[in-house]
Amino acid sequence: MDSKRLYTPSRIKEILNHHGFTMTKSLGQNFLIDGNTVRAIVDGAKISEGDRILEIGPGIGTLTEELALRGKSVLAIEKDQRLKPILDETMADYDNVEILFSDVLKLDIKEEWEKRFGEDPVHIVANLPYYVTTPILGALFDLDLNLKTLTVMVQKEVAERMCANPGKKDYGALSLFIRYHSQPEIIRQVPNSVFIPRPKVDSAVVFMEVKEKDPALEKEKFFRIVKAAFSKRRKTILNALSTYGFSMDKQEIRDILNRANIDSIRRAETLSLTEFIVLSLNFPDEF
Ligand code: SAM
């Protein structure tokens with residue numbers, strides 16, 4: 001039975017050769033060829049029968065197939081039109097899979113999702129193209145859909161930045177962005193040997209459980225402050241914020257830090273998500 005599944009290296013090579021398909025590096029095309037990794041991603045995503053899944057970048061459909069077998073339906077977005085004849089063939093037996101050929105950063109995903117599934121919860125699963133990992137994550141969290149979980153394979157270093165805790169060298173604006181929206185966890189380390197072609201870097205799978213939104217916290221304001229705080233990583237939080245170009249003098253920033261109970265000589269990299277939230281709530285509406 002397994003020999004029919006897409007994730008065997010011989011089957012994938014056969015399909016690629018048959019269609020004369022050559023991978024495009026600039027599209028981040030590194031395809032999975034390992035069943036254990038494919039199954040581990042879907043296990044880690046905690047997909048169950050009733051789930052509707054949004055996949056980004058199905059490639060030739062290796063992960064898509066496993067998602068289709070375990071969930072209710074898969075809507076996948078693929079930028080590379082050349083993959084259409086391959087996906088037509090590999091997904092022919094799965095009537096719960098639909099592929100939209102479009103750039104995920106240009107498509108109105110909310111409209112496409114709601115047209116088909118209304119308010120149904122969204123589970124995102126993807127082996128992301130590494131050249132656009134952070135813009136894609138930004139766009140997905142901004143979707144304003146009923147998003148429940150995201151499970152993504154990314155470059156190992158990016159996974160570490162996404163999940164880093166305060167005080168660690170990897171901790172920064174990306175860690176706070178991810179934690180603002182979700183509870184992240186690295187669920188699997190993935191060696192480069194499970195892809196064709198092999199990327200230069202190793203990978204990791206990050207599972208994110210989406211948090212309820214805090215209505216009092218204004219997102220744009222929060223991230224302006226985070227960006228300013230990390231603009232000068234080596235300086236104190238007071239110096240970073242007061243030299244960033246906000247329309248406030250140093251004393252006003254010092255007062256805000258006092259009210260937020262944050263010592264002005266600390267560095268941004270030591271502040272937790274909760275401290276940044278309190279800081280943001282203490283800033284005026286305009287600054
Ligand atoms: N899911 C497949 C797998 O695991 O074998 C392929 C993963 S490959 C790392 C990334 C996929 O994303 C490729 O199929 C690539 O063509 C597609 N892709 C790249 N940029 C994209 C974009 N902006 N929008 C949608 N898909 C994109």
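T62 is found in helix α3, which covers residues 62-70. The model described here is predicted. T62 counts as buried because its relative accessibility is 5%, and buried means under 20%.

Leaving aside neighbours within four places in sequence, T62 is in contact with L6, Y7, I12, L32 and V38. Another residue to look at beside T62 is I33: 29 residues separate the two in sequence, and their C-alpha atoms are 7.9 Å apart in space.

## The chain as a whole

The chain has 287 residues, and 52% of them are buried. Its secondary structure comes to 12 helices and 9 strands. Taken along the principal axes, a box of roughly 70 × 40 × 30 Å holds the C-alpha atoms.

Take the contacts between residues at least 6 apart in sequence: 66% of these join residues at least 24 apart. As for charge, the chain has 41 positive and 43 negative charges, and the mean positions of the two sets are 7 Å apart.

## Helices α7 and α8

Two packed helices are described by the angle between their axes and the distance between the axes. For helix α7 (residues 156-163) and helix α8 (residues 173-181), the axes come within 6 Å and cross at roughly 65 degrees. On the α7 side, the residues that meet α8 are V158, R161, M162 and C163. Their partners in α8 are L174, S175, I178 and R179. By class, this contact has 5 nonpolar, 1 polar and 2 charged residues.

The loop between α7 and α8 contains G172. G172 is buried because its relative accessible area is 8%, and the limit for buried is under 20%. With neighbours within four places in sequence left aside, G172 is in contact with F230 and R233. G172 and F230 are 58 residues apart along the chain, yet 6.9 Å separates their C-alpha atoms.

## Helix α9

Helix α9 runs over residues 219-229, and its buried residues are K221, F222, F223, I225, V226, A228 and A229. The cover over these residues includes α8, α10 (237-242) and α12 (273-282).

Two residues other than glycine have a positive phi. One of them is K46, with phi near 55 degrees. K46 lies in the loop between α2 (35-44) and β2 (52-56). Its relative accessibility is 57%, so K46 counts as exposed, a class that begins over 50%.

D144 is not a glycine either, and its phi is positive at about 60 degrees. The loop that holds D144 lies between α6 (133-141) and β6 (147-155). D144 counts as exposed because its relative accessibility is 53%.

A further backbone detail concerns a proline. The peptide bond from I196 to P197 is cis, with omega near -20 degrees. P197 has its place in the loop between β8 (195-196) and β9 (203-210).

Key
Residues are numbered from 1 along each chain as its sequence is written. This is a predicted model: local features need pLDDT of at least 70, side-chain atom pairs count only at pLDDT 80 or more; totals for chains, interfaces and linings use all residues. Side-chain values use heavy atoms; hydrogens and water are left out. Axes are lines fitted to C-alpha atoms, for helices over the stretch in contact, and angles run from 0 to 180 degrees between N-to-C directions. Helices (H or I, at least four residues) and strands (E, at least two) are DSSP runs, numbered from the N terminus. Contact means heavy atoms within 4.5 Å. Ala, Val, Leu, Ile, Met, Phe, Trp, Tyr, Cys and Pro count as nonpolar, Asp, Glu, Lys and Arg as charged, and the others, Gly among them, as polar. Buried means under 20% relative accessible area, exposed over 50%, partly exposed in between (1.4 Å probe, protein chains only). Lys and Arg count as positive and Asp and Glu as negative; His and the chain ends are not counted. The place of a charge is taken as NZ of Lys, CZ of Arg, CG of Asp or CD of Glu.
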